[in-house]
Amino acid sequence: MSDKIIPGLNIIYYDRSEYLIKEDVSLDDCKACREKDGVTWINVDSVSDPSLLQSIGNVFNLHELTIQDISNTVHRVKQEDFDNYMLIILKMLEFNKTSSSIEAEQLSIVFGRNFLVTFQEAPGDFFGDLRAEIKIAGSVVRKMGPDFLACRIIDTIVDNYFNAIESFGDLIEDKQDELMANPTRQTLNSIQGIKKSMMQLRQYVWPVREILSELGKKESPLIKEKTVAYFRDVYDRIFEAMDLIENTREMVGSLIDIYLSSMSNRTNEVMKVLTVVATIFIPLTFIVGLYGMNFKFMPELNSEWGYPGVLLLMLLVAGGMLLYFHRKKWI
């Protein structure tokens, strides 16, 4: 299997003066680059093949538990130091406009003295800009090691967190306009969906803070002193992302308050109309009840104008009450 071409297994090798990219390579190609002194970035675009993961693990002397963590795509975000290499598991997040929800894809990063391997959950080009930067001979990434490459990959993921959060911010503004115009039960359900997605987003982003805090302390010989400052910069960025998430969650809470307030106002309007109607009919009901007693000596019963007179009285009472309510601005 070592000389067999494997689709989705790609290599980027670089140092200060040399740049090499190979797509759909074999394990022998990985071993050959492994022997060089520059930086070898190997990307595996799927973790669905256990035998491939095990073979790559043999090439880079990865622990069995590392292979298990990489293959488990629902694993929590984590970071582990195995002395000769470091494992970082993160979630790449994408905002789905159709369902207005978060789609998460696991990315496992393994880097050592002169290599870095990324394991994607599914095929996709998430780091096109970073690959383009590596092509530039004088770029910073070409002058640094795999620890800096890992930092840049994490930075790219964190930047995309901001895109996802901002997409939710735009969606919340649309829902706010919808609430002001015509709040419905469907609107409330969509707001509850946004709230659930924000909770999920927080669960993915919050542990990254702890990971970057550890990486910024330079407790591993795999992280060079000059790379620490870059990890700390990404650490500051993740704090900004957390603040933005908390602000967005507060906006979602305010949307629910707006919905409840709108529904309460609508109920009050309905009750006001019913109360006005009931209030108008109270004296009319009294008049009708009074003349419905049919006592023998009620003078109006024998009057020729008794019936139209009572109707006119009822109209005057109703009209007078409507005029009174209007002047009080109750209707």
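1. Helix α2 (residues 50-59) and helix α3 (residues 64-71) have axes that come within 10 Å and cross at roughly 140°. Axes are lines fitted to C-alpha atoms, for helices over the stretch in contact, with angles from 0 to 180 degrees between N-to-C directions. Helices (H or I, at least four residues) and strands (E, at least two) are DSSP runs numbered from the N terminus.

2. The model is predicted: local features need pLDDT of at least 70, side-chain atom pairs count only at pLDDT 80 or more, and totals for chains, interfaces and linings use all residues. Residues are numbered from 1 along each chain as its sequence is written, and side-chain values use heavy atoms, without hydrogens and water.

3. α2 and α3 are therefore oblique to each other (angles under 35 degrees count as roughly parallel, over 145 as roughly antiparallel, 65 to 115 as roughly perpendicular, the rest as oblique).

4. In α2, the residues L53, Q54 and G57 meet I67, I70 and S71 of α3 (contact means heavy atoms within 4.5 Å).

5. The volume of the largest pocket is about 260 Å³. A pocket is an open set of points on a 1 Å grid over the protein atoms alone, where a 1.4 Å probe fits, with protein on both sides within 12 Å along at least five of seven lines; lining residues have an atom within 4 Å of a point. Grid points are joined across faces, edges and corners, and a volume is the space filled by probe spheres set on them.

6. β1 (9-14), β2 (19-22), β3 (39-44) and α4 (128-135) each supply at least two lining residues of the largest pocket. With four residues, α4 gives the most.
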